[in-house]
Amino acid sequence: MNPVTELIKNLADQHGRSRHNLLPILQGVVEQEKYLSEFSMTEIARELDLPAAEVYGTATFYSFLEHKKMGKYIIRVCKTITCSMKGKNQIILAIEDMLKINAGETTPDGNFSLLQTNCLGFCHKAPAMLINNEIYTELTPEKVREILSTYLKKKGESNDN
Amino acid sequence: MTKNIKISINGVVVEIEPGTTILDAASKVGVIIPTLCYHKDLCVAGNCRVCITEIVGQKRLTAACATPCEEGMEILTNSLRVRNSRKHIIELLLSEHNADCTRCYKNGNCELQFLASEYKIMTQDFIRLAPLKKYSIDMYSPSIVKDDSKCIRCQRCVRTCVELQGVNALTVAHKGDQMKITTFFEKSMNDVVCTNCGQCINHCPTGALVEKNYIEEVWDAIADKTKHVVVQTAPAVRVGLGEELGFEAGTRVTGKMVAALKRLGFDAVMDTDFTADLTIMEEGTELLTRLKKVLVDHDEEVKLPMATSCSPGWIKYIEHMFPDYLNHLSTCKSPQQMFGALAKTYYAKARNLDPEKIISVSIMPCTAKKFEAARPEMHDSGYRDVDYVLTTRELAIMIKQAGIDFMKLDDMHYDRLMGESTGAGVIFGATGGVMEAALRTAYELVTGREVPFENLNIAPVRGMEGVKEASVKIENPLKEWAFLDGVELKCAVAHGLVNAGKVMESIRSGSASYHFIEFMACPGGCLGGGGQPIPTSPEIRQKRAEAIYAEDEGMQLRKSHQNPEIIKIYKDFLDHPLSEKSHHLLHTHYKTRERF
Amino acid sequence: MTTNYQLKRVDFIFKNENDWEEVLSKNIERPSQELINELISSELKGRGGAGFPTGLKWKLSAEAVDEIKYVICNADEGEPGTFKDREILSRVPFKVLTAMAVCGHVIGAKEGYIYLRGEYFFLQPELNKAISEFEYYCKEINLDFKIKIFMGSGAYICGEETALFESMEGKRGEPRNKPPYPSSYGYMGKPTVINNVETLAHTFTIFKYGAKRFYDLGVQYSRGSKLFSVSGDTPKPGIYELELGMSLADFVDEFGDGDTKAVQVGGASGFLVPRKRFSETAIGFQGKLTGISLPTGGSMMLFNSSRSMFNVLDNYLEFFREESCGQCTPCRVGCQQLLKGIKAVKRGEKNAQYLDKLMRLAETMQYTAKCGLGQSVANSFSSIVENFREEMIY
């Protein structure tokens, strides 16, 4: 069986197959795959016996349920007011510079995607960003470079395996 | 009985039942509140906010469609605050809308345009958002054109596709300024589960969803002297067309329509009702044959219940949603396609015409018929059986373009050969009509007696109930049908695809045991079709249905097998129902499609 | 009206209290009506923003007749400038869980959910640990009440209660028409109490110490204390529990950097108060001095004179342009028009009078949007343009 199909079956076994189980299943696929492909959404529709269009309509409502291919690590830099006041742009520039991509893009090796997001709820420790589900706060360009290098190292290690 | 409550609207005190919305209460006292996202066929959305009203004492304004009245409410529908806010909302909708009205197919029949004109929105103060968005037009479907730049996001189409039809081809996607009405992964309507039923078109207030029109192609064909252009008109068109041309809903305009078609320049004007009668002969015989194979021969290949196949929206629906049940479908083509196949064979031969020179046009209350005519298997005459399909609305446009004063036309008759019909053919246009027509003929075929309903009117299959059931007990049949003695023939009728889905589920679960089921994609049957005049509402459907049954009652012949042209075609051309020739020209097969 | 001009720090919410088991077991022995009366007399109002009386909310759901009811903790803290709910859930989760169970007892619900915003995914492991410990204790005292976390996925609008239900039901988070209200028709169409995290934490205080301790804090119409999320140009950003009713001037004295030009009260959907009105603005539900209420959960963002109010407003409107659910016209199109409008004025493509047209539009949005959030998205626009018009133009 296709691994995504299997993942979806397992998620449905775990959460249930009713409409109100849709979000946890979508989240489960994104957790694993980083985004919802056309194939994933079709399989979810099939598994839950829901119209595919409804799955698409629901998924696209939520910013964290990406439906375009994403990198292994999704960097979400907060762009809302306080983070913006406290130097979000410098953070973005630092990341763009380091990963050689623009905001909204994914590195060619498929490891990093750089996105901007709405308020992360760390306004008192601005600027803030998420890398997948890890939160990083009170960022400076130096700090961001440090954080990213640990991820780049991680990536290197996992590539060796 | 719950006690009525008292409210006042613009100072007029009115007593109403609790739970009545402000909108309904207002209409009781003759106050019209403008609406856009509201539609009588659909659940309340309350999202366009055009129907806002002021409740005295409240700071917020209230959507009249979505708010039930409460005791003592003082409602103002035209206060300064209401009027200013409503104007703002219309202006906002216009700013997001491609308001290039003179170049719009719906120019003159657009609810947004009407509101803009009523509120005299003369300026364009707000920034025009429409040109700034990357809107696309989906023109790939043979039936439906979807232009997002004209969409006002009222979601009437989505509610139609979901609630009324259970198709779910359309959905709301994204949020905020990106929010839009679209399909799965924004594919073309042609590439998703869309059944082409056109109900979304019928419910769209603007020009965002319209039929793909073939008006110019038909004008070209008419003007081409080398072509012989035949036209057929579906049963439901005659009770709808008048609405587009100045008549009240429910006016029968059969004779005027024929006259208008002749004036437009069609070489022959004939009637789909004729092939409706023919369908009854073929389908009725098919049903009886199936019954025999199941009950007597115990042939496991043959499936019951048998389902009708006249409605192309229903056909595409079952192909997507219940492909494992395709062998339950009657193999009969729809009357439109039977007509098409005969026009380029039987008719061509009788009139001594080269079929290649024949252009076959049909006037349908339906947009799915456009898709049906384009199906690759519909070439049994050796040519494309039906070349162009026009909706009732498109025909009205042509009549207006031609400068025909429709109201003043004298009635005319259809041309011979395929122009004669019976009341049974006419009622195909209403939900339950195919069933009623089939029973009138099949019962008589089996027993030699008329169907045991007063005046041939089979009341249980009539009316607007979503799923209707009827049964007819067969007693003392003719000798060759002896195996049917005592059999209670169980029938069901479903209209609106959401109801069709329910019946199919009950068959799948085994909870229903029918012999024969009529399925129609559109609410009310073809008279409520996606190609019918806009607006269509429950009341209007009711009036059209009354007109159909009146037409039936007024006819000399009311049973398909009595139609002299039907008798003639079997004698001269087809031989007998389910003959080899019939099989070749009048029957078809179906295709499994993806549900997801 | 008595107004408390003094800024008073309070320590209830985060006070480390290890007796939640006792509070729970004691209170579920009390009759439902008694607990409702306790809440009503405390005059606690919802801390999520709308300020609906909590006691009344519980009462209405208790009165609804249904076998199945739900208690939902709204932890979809998405308002820019608010971050207190996360702190509550990570520092004192048992207070919230206890309050949910007591609520379940009061209204007759056996299931509770915490709707946690997707951005706070990392809270999940710890919170789940707390929930299992909590449920273990419930079993011990024979209390039939289960709590589950439901994760959001990045949609501000899901903080609106009916949008939240829709989201939990696996749909797009679009607010519903009201009525019906959650007390009779909430999650899955069942009677539901939905409270903000902080509101629930306050009920813990009330059930432990009695309504009077809470009522004695604050001022008329605005009883008790409240968590404030302080951010922006301040030397001490963070979360502070303060008594309600203080004047904004006192607040700025305490938290400002000496150069405070304006304070945004209540997040992006709240109001901007300029310096000249600090002393006449009271922070509370009916801080009558200038009519400033507390429209959301205590977000206080300070701006000093280096900040361009145009940029601030631009940022807010960008936020709403994206985060509006998009279903109703005034919010969906209105946000785009306000945003494009101020840019056009700034660039000189529209004249300054266009701001007046937009002000009237903002008023229409406040009157006509479908949900509470839609009705408040234009608040920041109105208050910023009213007070800093020149910054919008030049």
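1. In which sense do E7(C) and strand E11 (residues 299-304) of chain C pair, and over how many bridges? The model, which is a predicted one, has these two strands of chain C pairing in the parallel sense over 4 bridges. Within E11(C), C:Met300 is the bridge partner of C:Val230.

2. Strand E7 of chain C, which spans residues 225-232, also pairs with strand E8 (residues 238-243) of chain C, and here the two strands run antiparallel and are joined by 6 bridges. As for burial, E7(C) is mostly covered, with 8 of its 8 residues buried.

3. Turning to the domains of chain C, the assignment divides the chain into domain 1 (20-215) and domain 2 (309-393). The C-alpha centres of domain 1 and domain 2 of chain C lie 33 Å apart, and the two domains touch through 9 residues of domain 1 and 8 residues of domain 2. On the side of domain 1 of chain C that touches domain 2 of chain C, the residues divide into 6 nonpolar, 1 polar and 2 charged.

4. Chain C also meets chain A, in a contact that takes 30 residues from chain A and 39 residues from chain C. On the chain A side of this contact, at least two residues each come from helix H2 (22-33), helix H4 (52-59), helix H5 (81-85) and strand E4 (134-136). Of the elements of chain A, H5(A) gives the most to the side that touches chain C, with 4 residues. Sorted by class, that side of chain A has 15 nonpolar, 13 polar and 2 charged residues.

5. Chain A is in contact with chain B as well, through 12 residues of chain A and 12 residues of chain B. Helix H3 (38-48) and H4 of chain A each supply at least two residues of the side of chain A that touches chain B, and H4(A) gives the most to that side, with 5 residues. By class, the side of chain A that touches chain B has 6 nonpolar, 3 polar and 3 charged residues. The secondary structure of chain B comes to 19 helices and 18 strands. The radius of gyration of chain B is 25 Å, close to the 25 Å that the globule rule gives for 596 residues, so chain B is as compact as a globular protein of that length. Taken along the principal axes, the C-alpha atoms of chain B fill a box of roughly 80 × 65 × 50 Å. Of the 596 residues in chain B, 55% are buried, and among contacts in chain B between residues at least 6 apart in sequence, 74% join residues at least 24 apart.

6. Chain B is divided into four parts, namely domain 1 (5-78), domain 2 (101-107 + 123-211), domain 3 (215-274 + 336-408) and domain 4 (282-333 + 421-534 + 548-586). Between the centres of domain 1 of chain B and domain 3 of chain B, taken over C-alpha atoms, the separation is 44 Å.

7. Chain B contains an open sheet of 4 strands with parallel pairing, in the order E12-E11-E14-E15. Its edge strands are strand E12 (268-271) and strand E15 (388-391) of chain B, each of which pairs on one side only. Neighbouring strands of this sheet are turned by 25° against each other on average, with direction ignored. Strand E11 (residues 228-233) of chain B runs parallel to E12(B) and is joined to E12(B) by 4 bridges, and B:Asp271 in E12(B) is the bridge partner of B:Thr233. Helix H6 (residues 215-223) of chain B lies across E11, strand E14 (358-364) and E15 of chain B, and runs at about 120° to E15(B).

8. A last point concerns B:Ser188, which has its place in the loop between strand E9 (180-182) and helix H5 (199-203) of chain B. B:Ser188 counts as partly exposed because it has 15 C-beta neighbours inside 10 Å, a number that falls between the limits of 12 or fewer for exposed and 20 or more for buried. Leaving aside residues up to four places away in sequence, B:Ser188 touches B:Asp138, B:Tyr140 and B:Ser141. By contrast, B:Val451 is 263 residues from B:Ser188 in sequence and 47 Å from B:Ser188 in space, C-alpha to C-alpha.

How values were computed:
Residues numbered from 1 in each chain as written. Chains lettered and ligands numbered in written order. Predicted model: local features only at pLDDT ≥ 70, side-chain atom pairs only at ≥ 80, totals over all residues. Contact = placed C-beta atoms within 7 Å. Nonpolar A, V, L, I, M, F, W, Y, C, P; charged D, E, K, R; others polar. Pairing = 2+ DSSP bridges. Axes fitted to C-alpha atoms, helices over the stretch in contact; angles between N-to-C directions. Domains from an automatic or database assignment. Rg over C-alpha atoms; globule rule 2.2 N^0.38 Å.
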